[in-house]
Amino acid sequence: MPACLTFVSDERYLPLTLIAAATAIEASKSRLTIALLSIGVSDPVRRDVEQFISDHGADVHLVDISENDQGIDWSALRTMRSGISTATYGRLIAPEVLSDFDSLLYLDGDMLIDADIQELLRSPTAHFAAVEALHHSETKPPLYVENPDIPQPPTNFNAGMCQIN
């Protein structure tokens with residue numbers, strides 16, 4: 001199968017993920033295939049998600065990865081920050097779970113797409129392993145300037161968009 005736009009979500013982040021998917025669909029000039037790997041999402045909600053994506057004009061491929069088919073106990077995985085879901089690890093198994101697709105464009109669910117994403121889906125894989133998005137490296141964001149008592153988080157690696165083939 002050709003490329004697909006891929007998201008991973010649990011029920012907590014599903015509303016954001018659906019907004020991201022809807023913005024990608026609306027900005028696309030041709031029909032998209034959306035793959036959603038879900039963790040702990042109930043069957044009724046999964047049916048609603050499938051209907052939502054279909055109603056917006058995209059093909060949908062839903063995969064429940066909460067079961068231990070991949071040998072992963074999602075509840076045992078930890079994150080460094082309390083606000084980050086263990087679903088963030090789902091992108092690591094996406095190539096195995098979605099092996100029928102030629103390539104995947106993984107996006108975090110908190111992204112908004114305002115241009116046709118098909119160009120990225122069609123482009124050949126770039127000749128680099130990773131690009132680091134530095135956060136707060138050069139200047140302090142206004143939040144930290146206006147509130148000096150709030151500790152500024154360290155620079156980190158952002159893998160919110162990954163092209164996988």
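Predicted model: local features only at pLDDT ≥ 70, side-chain atom pairs only at ≥ 80, totals over all residues.
Aspartate 108 belongs to the loop that runs between β4 (104-107) and α4 (118-122). Its relative accessible area is 17%, so aspartate 108 is classed as buried, the cut-off being under 20%. Two side chains make polar contacts with the side chain of aspartate 108: that of arginine 91, at 3.3 Å, and that of tyrosine 106, at 2.6 Å.

Threonine 23 is found in helix α1, which spans residues 14-27. With a relative accessible area of 18%, threonine 23 is likewise buried. A polar atom of the threonine 23 side chain lies 3.0 Å from the backbone nitrogen of isoleucine 113. When neighbours within four places in sequence are left aside, the residues in contact with threonine 23 are Met111, Leu112 and Ile113.

Isoleucine 19 is also placed in helix α1. Isoleucine 19 has a relative accessible area of 45% and is therefore partly exposed. Together with Leu16 and Leu112, Ile19 makes a nonpolar surface patch of about 300 Å².

| Residue | Relative accessible area | Class |
|---|---|---|
| Aspartate 108 | 17% | Buried |
| Threonine 23 | 18% | Buried |
| Isoleucine 19 | 45% | Partly exposed |

Conventions
Residues numbered from 1 in each chain as written. Heavy atoms only, no water. Helix = DSSP H or I, 4+ residues; strand = E, 2+ residues; numbered from the N terminus. Buried < 20%, exposed > 50% of the residue type's maximum accessible area, 1.4 Å probe, protein only. Polar contact = N/O pair within 3.5 Å; in protein donor to acceptor, adjacent residues only side chain to side chain. Contact = heavy atoms within 4.5 Å. Patch = residues over 30% accessible without salt bridge, like charges linked within 9 Å, V, L, I, M, F, W, Y side chains within 5 Å. Areas by Shrake-Rupley, 256 points an atom, 1.4 Å probe, with all protein chains shown as cover. Salt bridge = Lys/Arg side-chain N within 4 Å of Asp/Glu carboxyl O.
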